[in-house]
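Let's take a walk through this one together.

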Amino acid sequence: MRKSMLTTAIGTVLLGSLSLGVQAAEQEPQGMYSADDILGADVYFANGSGDEIGEVDDILFDEDMRISALVVESGAVLGLGGRELVVGTDYFSLETHTESDGDTEHRIILDATTEEVAAFPTYDRDWWEQTKANARDAWQTTRDGAQSAWQSTRDAVTDNHQ
């Protein structure tokens with residue numbers, strides 16, 4: 001059930017706007033991407049070293065169903081074996097390649113130094129709860145500010161008409 005809901009959510013997001021930067025070196029962008037293709041995709045450093053960091057374990061969305069981060073299960077590189085890293089959209093792009101048999105391979109390319117990757121937050125329950133609380137607080141602040149601005153404008157218009 002979780003996988004089908006996630007696939008549906010990702011399909012919806014990818015139809016609207018893909019937050020992943022797509023590298024179109026040898027082919028045109030696909031136009032739409034499947035969660036199944038991205039989940040499990042290998043993650044590499046952008047510097048061309050060929051060092052694999054790990055693979056995509058999850059895709060995180062904001063309230064507008066835009067991709068806000070990937071969860072990458074790291075391998076043994078950087079001494080991060082088995083750690084799940086939260087990687088924001090500023091740090092990755094999606095690379096697609098069509099194989100000789102016609103299959104499309106997806107890879108995530110991380111544009112970050114080893115020090116930056118080591119400092120990425122760990123995806124765990126504490127991080128998840130804190131991030132949700134921060135997003136709720138930001139929404140409340142934005143909503144309160146919008147209501148206040150609307151009331152100030154309404155009061156100003158009412159005062160000018162009296």
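**Strands and charges**

Start with strand β6 (residues 92-98), which runs antiparallel to β7 and is joined to it by 7 bridges. Two strands count as paired here if DSSP finds at least two bridges between them, while the strands (E, at least two residues) and helices (H or I, at least four) are DSSP runs numbered from the N terminus. This is a predicted model, where local features need pLDDT of at least 70 and side-chain atom pairs pLDDT 80 or more, though totals for chains, interfaces and linings use all residues. Residues are numbered from 1 along each chain as its sequence is written, and side-chain values use heavy atoms, with hydrogens and water left out.

The hairpin of β6 and β7 has 5 residues between the strands, and Gly102 takes a positive phi near 95° there. On its other pairing, β7 (residues 104-110) meets strand β2 (residues 42-45) in the parallel sense over 4 bridges. Tyr44 has Ile109 as its bridge partner in β7.

A salt bridge means a side-chain nitrogen of Lys or Arg within 4 Å of a carboxyl oxygen of Asp or Glu. The pair ties β6 to β7 across 12 residues of chain. Glu95 is buried at 16% relative accessible area, whereas Arg107 is partly exposed at 22%; the cut-offs are under 20% for buried, over 50% for exposed and partly exposed in between (1.4 Å probe, protein chains only).

The structure holds 5 salt bridges. Another one links Lys132 and Glu129, at 3.7 Å between the closest N and O atoms. Because these two sit 3 residues apart in helix α4, about one helical turn separates them. Salt bridges with shared partners also join Asp62, Asp64 and Arg66 into one network. Within that trio, the side chains of Arg66 and Asp64 meet at 3.3 Å, N to O; Asp64 is exposed at 54%, and Arg66 is partly exposed at 38%.

Helix α4 (residues 125-160) also holds Ala135. How far apart are Ala135 and Glu63 in space? Their C-alphas are 8.9 Å from each other, despite 72 residues of sequence separation.
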